[in-house]
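Please look over the sequence and the structure shown here before reading on.

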Amino acid sequence: MTICDTNIPFTKVLMVLPRKTIHTETPLHEGYTYAPWRESFRQPWAALMVETGLVPDQEAGLAQWDKMMNEAPEMLREHFRFVLGPEGDLAATAGLFPGHDFPDRLRLHWVATGLNHQHRGLAKSIITALAKEYDRMPEKYPLYLSTQSQSYGAIKLYSRLGFQPYMGEYAGHTKEQSEDDWRIVTGVLRETEGK
């Protein structure tokens, strides 16, 4: 996991993970633990979103937390992972949440690892845990995620885990637009190889 590179123009793309692609959950790095949802995570979760460049400021992060609590509180409480670091701070997070790109489908949402906790496999651990959880659900469609060109490091991780580019249509987007967006993102991935 990396932070968003705002030097790259923003292009949204979707990725899908065929069911039963991930066979083994990757354990957390030594010293890290999962913690159940708690309201006290609201402020540190928002700060983590700011730190990783997923939102511009704390107010926007808090607004996203509140939006999730208003839309589907049970999903945030039951299907998000919160990883605590050795000092007890919120180190990483991600969850399964209703998506807006397709009706009635869940997506992998808000994948973030704090800067002081990166390169310890935390995002991989959370994603594999959530993918296994998703496979136990009675969903008929593959798990999907929404990402973007500025998160090229995350796209590389998602690809290594088995996520594939989605080239079809989705809400407000045609198949041709998806294909064009993936051409742009593929160019970004080539340009940033080794970063």
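How many of the 14 residues of H4 are buried? H4 is mostly covered, with 12 of its 14 residues buried, where buried means under 20% relative accessible area, exposed over 50% and partly exposed in between, using a 1.4 Å probe and protein chains only. This is a predicted model, in which local features need pLDDT of at least 70 and side-chain atom pairs count only at pLDDT 80 or more, while totals for chains, interfaces and linings use all residues. Residues are numbered from 1 along each chain as its sequence is written, and side-chain values use heavy atoms, with hydrogens and water left out.

Helices (H or I, at least four residues) and strands (E, at least two) are DSSP runs, numbered from the N terminus. Helix H4 covers residues 122–135 and reaches 20 Å from its first C-alpha to its last, close to the 20 Å expected at 1.5 Å a residue; the expected span is 1.5 Å times one less than the number of residues. Among the buried residues of H4 are Leu122, Ile126, Leu130 and Tyr134.

The strands come next. Seven of them form an open sheet of mixed pairing, in the order S2-S3-S4-S5-S6-S1-S7, and two strands pair if DSSP finds at least two bridges between them. Strand S2 (33–35) and strand S7 (164–165) stand at the edges with a single partner strand each, so one side of each has no neighbour in the sheet.

| Strands | Sense | Bridges | Residues opposite each other |
|---|---|---|---|
| S1 and S6 | antiparallel | six bridges | Met15 and Leu145 |
| S5 and S6 | parallel | two bridges | Leu108 and Leu145 |

Strand S6 (residues 143–148) is largely enclosed by the rest of the structure, because five of its six residues are buried. Thr147 lies in strand S6 and is buried, with a relative accessible area of 6%. Leaving aside its neighbours within four places in sequence, Thr147 is in contact (heavy atoms within 4.5 Å) with Thr11, Lys12, Val13, Met15, Ile155 and Tyr158.
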